[in-house]
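Please look over the chain below before reading on.

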Amino acid sequence: MTQPPHDEPTAQSPEELREQVERTRHELGDTVEALAARTDVKARAQEKAVEIKEQAAVKAGEVAAKAGEVAEEVVAKAGEVKAKAAETASRVQEKLPDPVRNQTAQGARLARDNRGVLLAVAAAAAVVWLTCRGRK
């Protein structure tokens, strides 16, 4: 220990020697802190968990925003399709003869007025169909 490190000149006075010792202590303290931080697995795992949680929150926000955009597009497209269907139905109905048009309107009114019965009959038909299909 009588020889100084190769990169530091020897101290010329006791004061310089004290400064070198103090600087070396600080450097050693920093090195020890860095090594302790690297070996603290629990702290590093917690830091990584926080980092991953933050990334997940950011990603969730991005996904939510994208889902909102897609939902808006779907709603807009559904509106377009509904308008197109109504337009097509109107054109078809205009071309139908009066007796057929009247019968169609009457059938639609009956279906609207008896929705519950219509749904019950459709459900019963589906059950019968599934039962028959399962026996084969």
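## Confidence in the model

What is the mean pLDDT of the chain? The mean is 86, and 93% of the residues reach 70 or more, where pLDDT is the predictor's confidence in each residue, from 0 to 100. Confidence is highest in helix α2 (residues 41-95), at a mean of 90, and lowest in helix α3 (residues 98-113), at 86; helices here are DSSP runs (H or I, at least four residues), numbered from the N terminus.

This is a predicted model, in which local features need pLDDT of at least 70 and side-chain atom pairs count only at pLDDT 80 or more, while totals for chains, interfaces and linings use all residues. Residues are numbered from 1 along each chain as its sequence is written, and side-chain values use heavy atoms, with hydrogens and water left out.

## Salt bridges

Side chains of opposite charge can pair when their charged atoms come close. Counting a salt bridge as a side-chain nitrogen of Lys or Arg within 4 Å of a carboxyl oxygen of Asp or Glu, the model has seven.

One of them joins glutamate 22 to arginine 25, with the closest N and O atoms 3.6 Å apart. These two residues are separated by about one helical turn, because they are three residues apart in helix α1 (residues 14-39). In helix α2, lysine 77 and glutamate 80 are also three residues apart, and their salt bridge has its closest N and O atoms 3.8 Å apart.

## Cysteine 132

Cysteine 132 lies in helix α4 (residues 115-135). Its relative accessibility is 40%, so cysteine 132 counts as partly exposed (buried means under 20% relative accessible area, exposed over 50%, partly exposed in between, with a 1.4 Å probe and protein chains only). From C-alpha to C-alpha, cysteine 132 and glutamate 27 are 85 Å apart in space, and they are 105 residues apart in sequence.
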